[in-house]
Amino acid sequence: MKIEITTEFIKLDSALKYCGVAENGAHAKEMILEGEVKVNGEVELRRGKKLYKGDKFKIFDKEFEIE
C-alpha cells in the first residue's frame with residue numbers, strides 16, 4: 001500500500017497512525033518498542049524515525065511505501 005506525503009518526511013509513529021494500523025500515538029509507540037515494525041527490512045525501535053519517499057515499512061504482514 002502506498003502512503004502519499006506532501007512534506008519532506010513523516011515520522012514512523014505518525015505513519016502508523018496515518019495508515020490506520022495504530023489507533024493513537026501510544027499504540028504506535030507500543031508496537032514500535034515491541035519490535036513489531038520493520039523499516040526497509042530491519043526492525044526499527046525509534047518511533048521518531050524519519051521516513052522519506054521510497055522508504056518502506058512493514059507490520060503484521062502489511063507493507064507500506066512512502067510516496
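## Salt bridges

A salt bridge is a side-chain nitrogen of Lys or Arg within 4 Å of a carboxyl oxygen of Asp or Glu. Arg46 and Glu44 meet this rule through their side chains, with 2.7 Å from N to O. Glu44 counts as buried because its relative accessibility is 9%. Here buried means under 20% relative accessible area, exposed means over 50%, and partly exposed lies in between (1.4 Å probe, protein chains only).

The structure is a predicted model: local features need pLDDT of at least 70, side-chain atom pairs count only at pLDDT 80 or more, and totals for chains, interfaces and linings use all residues. Residues are numbered from 1 along each chain as its sequence is written, and side-chain values use heavy atoms, with hydrogens and water left out.

How many salt bridges does a search of the whole structure find? The search finds three. In one of them, Lys2 pairs with Glu65, and the closest N and O atoms are 3.2 Å apart. This pair links distant parts of the chain. Lys2 sits in strand β1 (residues 2–3), Glu65 sits in strand β7, and 63 residues separate them. Strands (E, at least two residues) and helices (H or I, at least four) are DSSP runs, numbered from the N terminus.

Lys2 also forms a salt bridge with Glu67, at 3.7 Å from N to O. Again the pair joins distant parts of the chain: Glu67 lies in the segment after β7, 65 residues from Lys2. Together, Lys2, Glu65 and Glu67 are linked in a network of salt bridges. Glu65 counts as partly exposed because its relative accessibility is 23%. Glu67 is partly exposed too, because its value is 38%. Side chains of opposite charge can pair when their charged atoms come close.

## The whole chain

The chain has two helices and seven strands. What order do the elements run in from the N terminus? They run β-β-α-α-β-β-β-β-β. The C-alpha atoms fill a box of roughly 25 × 25 × 20 Å, taken along the principal axes. A compact globule of 67 residues would have a radius of gyration near 11 Å; the chain has 10 Å, so the two agree. That radius is taken over C-alpha atoms, and the globule rule is 2.2 Å times the number of residues to the power 0.38.

Of the 67 residues, 33% count as buried. The accessible surface comes to about 4400 Å², and 45% of it belongs to carbon and sulfur atoms. These areas come from the Shrake-Rupley method with a 1.4 Å probe; for residues, only the protein chains shown count as cover. Next come contacts, meaning heavy atoms within 4.5 Å. Among contacts with a separation of 6 or more, 44% come from residues 24 or more positions apart.

The chain holds 13 positive and 14 negative charges, and their mean positions are 3 Å apart. Lys and Arg count as positive and Asp and Glu as negative; His and the chain ends are not counted. Each charge is placed at NZ of Lys, CZ of Arg, CG of Asp or CD of Glu.

## Asp13, a buried charge

Asp13 lies in helix α1 (residues 12–18). Is Asp13 buried or exposed? Asp13 is buried, because its relative accessible area is 12%. Yet Asp13 has no salt bridge. The nearest side chain of opposite charge, Arg47, is 4.3 Å away.

Leaving aside neighbours within four places in sequence, Asp13 is in contact with Ala28, Ile32 and Arg47. Gly41 is 28 residues from Asp13 in sequence, and their C-alpha atoms are 17 Å apart.

## Two loop residues with positive phi

Most residues other than glycine have a negative phi, and most peptide bonds are trans. Asn40 has a positive phi of about 50°, although it is not a glycine. Asn40 sits in the loop between β3 (38–39) and β4 (42–43). Asn40 is partly exposed, because its relative accessible area is 45%.

Phe60 also has a positive phi of about 50°, and it is not a glycine either. Its place is the loop between β6 (56–59) and β7 (62–66). Phe60 counts as exposed because its relative accessibility is 52%. Which residues does Phe60 contact, leaving aside neighbours within four places in sequence? Phe60 is in contact with Val21, Met31 and Glu36. Arg46 is 14 residues from Phe60 along the chain, and 18 Å separates their C-alpha atoms.
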